[in-house]
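Keep the sequence at hand.

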Amino acid sequence: MPNGSSNVRTSRPTAVRAARTVALLALVALIVLFPSLAPDPFILSVGVVILSYAVLATSWNLVGGFTGYISLGHAAYSGLGGYATALLILRTGMDPWLALIAGGLIVAVIAVPVGIASLRVRGASFVIASIALVLIVQLVFQSWHTFTGGSNGLRVPRPFGTEVLRPEQHERFFYLHAVLLALALLTWWLIERSRLGAGLKAIREDEDKAQALGVPTFAYKLTALVVSAFFTALGGGLYALWFGYLDPIFQFSILIGSYMVLMSLLGGVRSLFGPLLGAVVVGYAVEVFKSQYGDTQLHLVATGVLLGLVVLFMPDGVIPALTSALNRRRGAASIREVSAEELANQREETAR
Amino acid sequence: MTGALFAQSLVLGILLGGLYALLAAGLTLYFGVMRVVMIAHSAFLILAAYLAWYFHERSGLDPLLSLVITVPLFFVVGYGMQRFLVSRLRPISLTTMSVLLTFAVALTIEGLLGFVWTGTQRRVQLEYSGASIEVAGVSIAVVKLIAFALAAVSLGALYLILRKTSFGRALRATTQHPEAARLIGIDTDRVAGLGFGLGLATAAVGGTALALDYTIYPSLHWHWIGPLMAIIVVGGLGSIPGAAMAAMLLGVAASLLQVPLGTTWAQTVFYLALFLTLMIRPQGFFGGRLAQRF
């Protein structure tokens, strides 16, 4: 193996580390200052939407990025999170914030049997099951009028009193979403450095080999899915508290699930901030399209074309594409993990 | 449930099952030749239905005649889609990435349909739209019979192509073992392209049948893709007889459950069957040796 030595992890140069710290601080500063920089409440509300997308995409990436199991039906978890939060407040009079967390836990519990059924099969069947999941919940929530409000939707009581005005609401929810995003990113970071993360990535690269090496593949996959569902549900619940209204058609739409996939793929599923970057780009584009061409279906075309282009030409995302371009320029032996596919390519080249 | 109502639902279920069977056979073809799950199948179905409707609106001729245009057109589009889009994906992640790619195609088609013909619901009005035949106390709408006949004839033709022609043999060889097929001189890339074209042609036939009997709108394809996906998993991915049997069984079951439960709840039978299959027999109930690893 000619490039074998380059795969060894060594400590990064201090310059790179310093640059990373600066970039991270700049990101935090940008998020903290955004509400005061935003010229009007509308821009601020777009900011809330984008952060909400970022939470969902990062949560999706907990299962999609680590295991390579692509779920197109994650909107089921975010929608259920929203409904669970709203119904707990409405039916039991629970405190909204308690209801949000309880809602997340309920959805995590629901994800267990779903995972047991769908994680037994790989690739195609898993994606089919994930689509089926979102379609089935949509059917149930549309039809079960007495419990969910059916197709008429459900009004969610606001957690802050009426004395808190609109812009103030947006600002509070902006920071709440930022905190949730930070938690999701922290979880991803912690898992990435753990034994669990190593096992999950082994599953992504070659599930059979991982299993042969003694990785408890099923338990690991299930753990990743449940954690991901929990954060996705919190994201959905927080959004519901902010937006104040739930409609089954929009909550359980495949489109929302596909946004999560598109954002993560575009940014890069293997990197911590990939989904966040993707959410900023796609979320902004979606909002612009909706305000410009509101009634037409052009935003579907735009989403479809963009997803197609990413899948065809940049399946690893923007961040890895840029990083590898940079590395090539520097000519340095890159310090990074190598995917099973890259190894196969290397082997093929040496064989020739 | 009275006997007459039962018989009526049973017949309706069988008629619907025939259409499902044809469409599921198309999905099975894609999966067989390329290990591709074609989410856009039902979007093309609705596209064909729109073309049939538009053809009827413009020319005033019977929408069935649009088949002369749509079937060859879809065959070419399917061939092109395989050769220029799907074959570009990396082999290692082909199955999952193809889902995303065809999903993107489905979104694009839905968006364009909405853009060109708006979201208004459309329906073909024909002289025989309301007509029905009564057999032994069961009344059957003529349009449903025509749809079933179209599906049955196409499925029969598909069967003959796959069993009796040398192209069919090449296609089945490609499905069973691509490397071995290449070794004996089959151009598997070309065969895969033609298989895709054949699969998409089933969507053209299905769409025309659909236009006769249903009110169509751009987002209708989501109502079809779910049941169809469930059918091919229950039948066993890659098995055409399996898909046809699962389509009949689930079509009839949904139709029978519609009476006590209503349309929406009856739809859930597809998804329940899907999840039960994944729990009990992930490779599917009928054949489906391929499904285990995909």
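Predicted model: local features only at pLDDT ≥ 70, side-chain atom pairs only at ≥ 80, totals over all residues.

The crossing of H1(B) past H9(B) is right-handed.

Which residues of H1(B) and H9(B) meet? H1(B) brings Tyr20(B), Leu23(B), Ala24(B), Leu27(B), Thr28(B) and Phe31(B). H9(B) answers with Pro227(B), Leu228(B), Ile231(B), Ile232(B) and Gly235(B). By class, this contact of H1(B) with H9(B) holds nine nonpolar and two polar residues, and no charged ones.

H1(B) has another partner in helix H10 (residues 240-261) of chain B. Here the packing angle is about 145°, and the axes lie 6 Å apart. H1(B) passes H10(B) in a right-handed crossing. The contact of H1(B) with H10(B) has 18 nonpolar and seven polar residues. Charged residues are absent from it.

Now follow H10(B) to H11(B). Their axes come within 7 Å and cross at roughly 145°. This crossing, too, is right-handed. On the H10(B) side, the contact is made by Leu250(B), Ala253(B), Ala254(B), Leu257(B), Gln258(B) and Leu261(B). On the H11(B) side stand Thr263(B), Trp265(B), Ala266(B), Gln267(B), Val269(B), Phe270(B) and Ala273(B). The residues of the contact of H10(B) with H11(B) divide into 10 nonpolar, three polar and no charged.

Next comes the contact between the chains. Chain B contributes 40 residues and chain A contributes 37 residues. On the side of chain B that touches chain A, helix H4 (94-117), H9 and helix H11 (263-280) of chain B each supply at least two residues. Which helix gives the most to that side? H4(B) does, with 16 residues. By class, the side of chain B that touches chain A has 27 nonpolar, nine polar and four charged residues.

In residues 36-55 of chain B, the end C-alpha atoms lie 31 Å apart. That span is 75% helix and 0% strand. In residues 137-162 of chain B, the end C-alpha atoms lie 38 Å apart. This span is 81% helix and 15% strand.

Finish with two single residues. Gln169(A) lies in helix H7 (residues 166-192) of chain A. Is Gln169(A) buried or exposed? It is buried, because 20 other C-beta atoms lie within 10 Å. Leaving out residues up to four places away in sequence, Gln169(A) touches Phe160(A) and Val164(A). Thr92(A) is 77 residues from Gln169(A) along the chain, and their C-alpha atoms are separated by 24 Å.

His177(B) lies in the loop between helix H6 (166-176) and helix H7 (178-183) of chain B. His177(B) counts as exposed, because it has 12 C-beta neighbours inside 10 Å. Where does Ala152(B) stand relative to His177(B)? The two are 25 residues apart in sequence and 29 Å apart in space, C-alpha to C-alpha.

Note on methods: Residues numbered from 1 in each chain as written. Chains lettered and ligands numbered in written order. Helix = DSSP H or I, 4+ residues; strand = E, 2+ residues; numbered from the N terminus. Left-handed = near helix turned anticlockwise from the far one by under 90°. Contact = placed C-beta atoms within 7 Å. Nonpolar A, V, L, I, M, F, W, Y, C, P; charged D, E, K, R; others polar. Axes fitted to C-alpha atoms, helices over the stretch in contact; angles between N-to-C directions.
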